[in-house]
Amino acid sequence: MLIRIRSKDGTFRFDLAPTSGVEQLAEKILETTEGADPESLTISNTPRGGETAISTLRGRTVQDLGLRHGDLLFVSYKSSVGSAPLASVEPISPSSTSAPAPVSAPDAKRPWETVKEDPVDTYWRSSNGKIPRQRDPRLCKHGANGMCEYCSPLEPFDQSYHAEHSIKHLSYHAYLRKLSPSQSSNSNALPPLTPLSYRVKVPCPKGSHPPWPAGICSTCQPSAITLQPQPFRMVDHLEFASDAIIDRFLHAWRATGAQRFGWLVGHYEPYDEVPMGIKAVVEAIHEPPQEGELDGLTLGLPWEDEARIVKLASEASKPLTIVGQIFTDLTPLDEDKSKSLYKRHPKSFYLSSLEAIFAARVQLEHRCPSRSSPTGEFSSRVVTAVLCGTEDGGIDLSVYQVSEQACAMVEADMIEASVEPGIVRVKEEDRTADSARYIPDVFFRYKNEYGLDVQKSAKPAFPVEYLLVNITHGFPKVPAPLFRSSLFPIENRPGLEDQGLQLIFNELSQRGVTEGDGEVAASSQTGLANWLSDWHLIAYLGTVGLLSEDDMKLLIKTASSPSLESPSALNEIVKTDGWRNLVAIARESSAPRRPTVPPPAVADNTSDFEIPPEVYDDVENPIADPSVRVCPHCTFENVHGGSDCEVCGLPLG
């Protein structure tokens, strides 16, 4: 087979057998160079980025790398005059006295081979993904068991199918199949994707000048950027497990008029409406600390509780993670408060430049593990959902992601928000700052008033639509959420919904859990299990310190289990020490208290009091010393002036 290589020394052709080793390819490459450092020799299937050290490919054959006849490889290296031959990849003669180095073991330096992908990626990699077609009685002339060009399955990236079904973007895995259809199942093939980077390479691969900002050349500087629609999307659909999730989120805005923000907690599943599609299923919305206003909100970032929430979500019966963010942008109409202002439309904006840049930062912080990228990560699956007004005054959801170009520009500190929400500003180049900023040429294309395709410079500004990727959304036909309840107060809503242990104690008391030894009667297990199956309740219990880490794992796994309706679903939970402590404190907190008015006379048979006065005396004796306060939870007599009990740490009030 013929393999072409291109380096700074020129373009060369090599005749190699498919079974030739990488060592032989390296030898031929070194013959074309002068003073190349063998250890720095890298190859790539793209002109910029994605370089793989050839020394990490020992033991592979040309065929193993997925190379075909006529393929072009891009080679780079560092100069080292008088360097020795390529010892790290040089084939060892059978008569050599030294022991040969093992070449069959996988090298840990290749992150794309060791990365752990999401289960939905594993599912699509094991599937051929082709689009089945039925036999056409008008065109197919063969029998029922035959197949021809009119009924054979289509590739998942087939353009005619996408145009016929109005699918604007290829799914992530369909895009991978289009890039390398013969390498999709070959784990030894070079990764077909290269993450975009618009930053100057420091140090320069040539090493012939001082590093940026003191010097720059065509090798280390980024190329000019032409903004264009992204042909694929990482997530094709956003689905909420039930409409109660949205209703509970909107309750805060309906009650206060202040805007709200939340993180979408869910998981990813295959989406059959798009070839090799992926959908994000939202099981809960977790609201971080924030200050809502009528026309915006302020978030506390970084989100300090994120690590605990992500770890807790990962312990569910179906592991969950952060799949996106959601916020409201709702303004009631002056003439009719029941309707919302129509803000986001084709003549204004869909996602403001400030929101798009924030979405890019969030996506950069939540990269998607991928075996198709040399870094082991590519793009992100975090989506941005906006609840806004519709043209008829209703409330609807719009879902977006920002493109890889947007993330790369934010990472390179190239763009900023403008006063006009639909416009993105390109920053000025700055070589004086510690983190010097280089701004390459940026262009975008559009059709002018004559219908002609025109290219225009994006400096100093360009429309934000060039950075957006649209995503569909909806609800399932048959809802089956992991969490059955949404009645417990939502976190970080002070004054509107206040969380507290007393709410939990009252609920346990009303359900009869505090009676006896804390065992749950079979007749009330289903109701208790459904009440416990509440994301906000479980997340709150993780902050009070009554349940251990193992108890919390068992609680969320049980509360999100599909078999929660089973009468024995709570058997393991009620046996844990954390549950027993919770029930014991709940029992003490619900003990009867001395009435504020004197009890009626015993001789008064018309009295409605069922508890004799002596019972009150036994339960709660008055204390002569006013400085001694009895804890209502554990009955310890506190003599300090603090607000919490010295023994159990719960409030004395």
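Rings of Phe, Tyr and Trp (its six-membered ring) pair if their centres lie within 6.5 Å; planes under 30 degrees apart count as stacked, over 60 as edge-to-face and the rest as tilted. The model is predicted, so local features need pLDDT of at least 70 and side-chain atom pairs count only at pLDDT 80 or more, while totals for chains, interfaces and linings use all residues. Residues are numbered from 1 along each chain as its sequence is written, and side-chain values use heavy atoms, with hydrogens and water left out.

**Aromatic pairs**

Begin by selecting Phe261, Trp263, Trp303 and Phe358, which ring pairs link into a cluster. Across the whole structure, a search finds twelve aromatic pairs. Next, display tryptophan 212 with tyrosine 438: this aromatic pair is edge-to-face, at 5.5 Å centre to centre and 85° between the planes. It links distant parts of the chain, 226 residues apart: tryptophan 212 is in the loop between α5 (172-179) and β7 (225-227), and tyrosine 438 in the loop between β20 (423-426) and β21 (442-447). Helices (H or I, at least four residues) and strands (E, at least two) are DSSP runs, numbered from the N terminus. Tryptophan 212 is buried at a relative accessible area of 11%, and tyrosine 438 is buried at 15%. Here buried means under 20% relative accessible area, exposed over 50%, and partly exposed in between (1.4 Å probe, protein chains only).

Because tryptophan 263 lies in strand β10 (residues 261-271) and tryptophan 303 in the loop between β13 (296-299) and α7 (306-314), the pair ties together parts that are 40 residues apart in sequence. Tryptophan 263 counts as buried at 5% relative accessibility, as does tryptophan 303 at 7%.

Within the loop between β13 and α7, select proline 302.

**Charges over rings**

A charge sits over a ring if NZ of Lys or CZ of Arg is within 6 Å of the ring centre and within 35 degrees of the ring normal. Then select arginine 381, whose charged end sits over the ring of tyrosine 268, 5.8 Å from its centre.

**Strand β5**

Move to leucine 73, in strand β5 (residues 72-76). Leucine 73 counts as buried, at 0% relative accessibility. Leaving aside residues up to four places away in sequence, its contacts (heavy atoms within 4.5 Å) include Ile3, Ile5, Leu25, Ile43 and Leu67.

**Backbone sites**

Serine 379, in strand β16 (residues 377-380), has a phi near 55°, a positive value in a residue other than glycine. Serine 379 counts as buried, at 4% relative accessibility. Aspartate 413, in the loop between α9 (404-411) and β19 (415-417), also has a positive phi, near 55°. At 28% relative accessibility, aspartate 413 counts as partly exposed.

**Helix α10**

Finish with helix α10 (residues 501-510), where Leu501, Ile504, Phe505, Glu507 and Leu508 are buried. Seen down the axis of α10, these buried residues fall within an arc of 165° (taken from the directions from the helix axis to the C-beta atoms), so they line one face of the helix. Just after α10, glycine 512 takes a positive phi of about 75°.
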